[in-house]
Amino acid sequence: MYRPFLTFVLCAFCVVSASAGISILEVYPDTWIKGDEDEYVTIGWGSVPAQCELSDGEGTISFVPADNAVKRCTIAHNGESYKQVWGHYPDFEIIDATPAVSQVSLLGKFQLANKKDELTLTSQGVIHDSVSWPGTFKPRKGQIHVCSSDGRWDERVLMAGGSRIVPQTFHNISGVAFVSPDCSRKVLEESIHHANETILLNIYEFTDPGLAKLLCDAQHRGVSVTVLLEGGPVGGIPPEEFPIIHDLIQAGADVRIMEGDGEDHAPYRYDHAKYLVIDSSRIFVTTENFKEHSFPHAGYAGNRGWGVLLTSPDLAEYFAQVFHDDSDGPGVNTAEGRPGPTDKPVVDPYSPIFTPQEFSDAQITPVFSPDTSILIADMVNQSNRRVWIEQAYITDYPGNETNPFLTAAIQAARRGVDVRILLDGYYYNVEDENDNDEMVTSLQTLAARENLSLQAKILYPERTGLLKVHTKGVIADDHVLVSSMNWNENSACFNREAGVIIQSTEAASYFASVFLIDWSGKRASGQAGDSSSAMNNTGVIQMMALVGVMIFLIILYRRHHR
């Protein structure tokens, strides 16, 4: 049922050091399969142990691990059920389900309880490890509980079928930075138009008929187009998306939808990612869905969104492996479309300010939620000059748990970093209790109480010509985050989200210019469709950004030398 994990996503925190003893690495007690026949425990070791015993208080299983290179083994309840789910047999099984798998010795009844149980691992009469739930970890249906190399459990949420992506940084990358609504449409259209071999598109919502036509045209000229959509977005699939699916399928594109439930359960709450992989060489990463107001035609209003087009075969391969793992994984089915009404074009005028900006020699670190979303907090924690954040919204985690990204920003302000947080003021982000306006008030109060270099604002779109702030962007010194991830627990811990951290002075300067225009909260002037005017305005704004940074550094210097 579930596709085996690719070699590049083998999780680093599952490795046991050579000097370590025997320990419990993974426990999967409450599975999606009825009867939990595929439940399993994985143990690891530094040097191959003698006979091991694993007890749950009601029964004990005994086995002798093989001396293998990976220094780990998996004991499943039913070897055949395990293979149906994971695509390969476990090392041992508890019941005699198949002669292809060695059977453990069993004394009593050994089966993992869903809500409350404990395991003790011994060898030659010595207790080496033990876990209990809900003590060591909190059980959740469909979750695989994993111990890190430093002994901490569940540093991230890993649902069955989910990826185990290892962070990787790519060097000497060239790219193009762009923003919506000013110039994103042109970059996207040219990217699709110049595709020759393959297009892989992962998008949360798709209602723009013009973009669908571009993909259909690409398919007709021999480009292999594969699209992965979310099958249960908030509010349901938009009616305008069904004719998009219909047209793509009619053109010959492979359109899939992540919507599984029950035993065929998707590993992510929402597939909220927004990226394309083109010809195994280019990656288009954006904060925006494929909607008319996300990528408006030049001269028309739309969301404030950020995006980058990156050129790198290695980076493209990295993204493509994630795409294939997701699109071939559990909970993904063939999409079904139907003719119907399409999305209405945006008619509100807008004067573009920014044109696309090329950059080179950048370092790119992909960020995929829930695997490596913590890299965002790491980026903020390492900043020492500025952290400028532009988000659709920011919320605290449920149960009064801290939002690690917001906490990192506050801590940056406490060490003197210039922290600015700009949130959307569209009606549905400010009309309820505990949304953006309350968050801004809370941050302003904190800044005043502690005398922090922290500012927070609402950007009211009607004052700027934008429709709303939809970006999920951060500028931390000379690093820029462009991603699909909102700053809430769902996005960070349960969704499939995708983004990149770009280390580039050129890219950081470009997005800083955009941020400062938005931070001003005023309607910017420009000539719609006049690229030379837009380029001149961009240069002026970038100079303003540089002057602002210089003034800030002077103030910071005086503060620390008075």
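Strand β20 (residues 357–369) and strand β26 pair in the antiparallel sense over 7 bridges, where pairing requires that DSSP finds at least two bridges between two strands. Helices (H or I, at least four residues) and strands (E, at least two) are DSSP runs, numbered from the N terminus. The model is predicted: local features need pLDDT of at least 70, side-chain atom pairs count only at pLDDT 80 or more, and totals for chains, interfaces and linings use all residues. Residues are numbered from 1 along each chain as its sequence is written, and side-chain values use heavy atoms, with hydrogens and water left out.

**Confidence**

- The chain has an average pLDDT of 91, and 90% of the residues score at least 70; pLDDT is the predictor's confidence in each residue, from 0 to 100.
- Residues 3–19 have pLDDT below 50, and this stretch has 45 contacts in the model beyond near neighbours in sequence, a contact being heavy atoms within 4.5 Å.
- Residues 554–562 also have pLDDT below 50, with 2 contacts beyond near neighbours in sequence.
- Where pLDDT is low, the predicted coordinates should not be read in detail.

**Strand β26**

- Of the 7 residues of β26 (residues 497–503), 6 are buried, so the strand is largely enclosed by the rest of the structure; buried means under 20% relative accessible area, exposed over 50%, and partly exposed in between (1.4 Å probe, protein chains only).
- Val367 stands opposite Gly499 in β26.
- Strand β25 (residues 479–483) pairs with β26 in the antiparallel sense over 5 bridges, and Leu481 has Ile501 of β26 as its bridge partner.

**Helices α6 and α7**

- The axes of α6 (residues 374–381) and α7 (residues 404–414) come within 9 Å and cross at roughly 0°, which makes α6 roughly parallel to α7, a label for angles under 35 degrees.
- Axes are lines fitted to C-alpha atoms, for helices over the stretch in contact, and angles run from 0 to 180 degrees between N-to-C directions.
- The contact involves Ile374, Ile376, Ala377, Val380 and Asn381 of α6, and Pro404, Phe405, Ala408, Ala409 and Ala412 of α7.

**Backbone geometry in loops**

- Ser180 and Pro181 are joined by a cis peptide bond with omega about 0°; Pro181 lies in the loop between β12 (170–180) and α2 (184–193).
- A cis peptide bond with omega about 5° joins Ser369 and Pro370, and Pro370 lies in the loop between β20 and α6.
- Asn451, not a glycine, has a positive phi of about 55° and is exposed, with a relative accessible area of 72%.
- Asp477 has a positive phi near 55° but counts as buried at 11% relative accessibility.

Technical notes
Angles under 35 degrees count as roughly parallel, over 145 as roughly antiparallel, 65 to 115 as roughly perpendicular and the rest as oblique.
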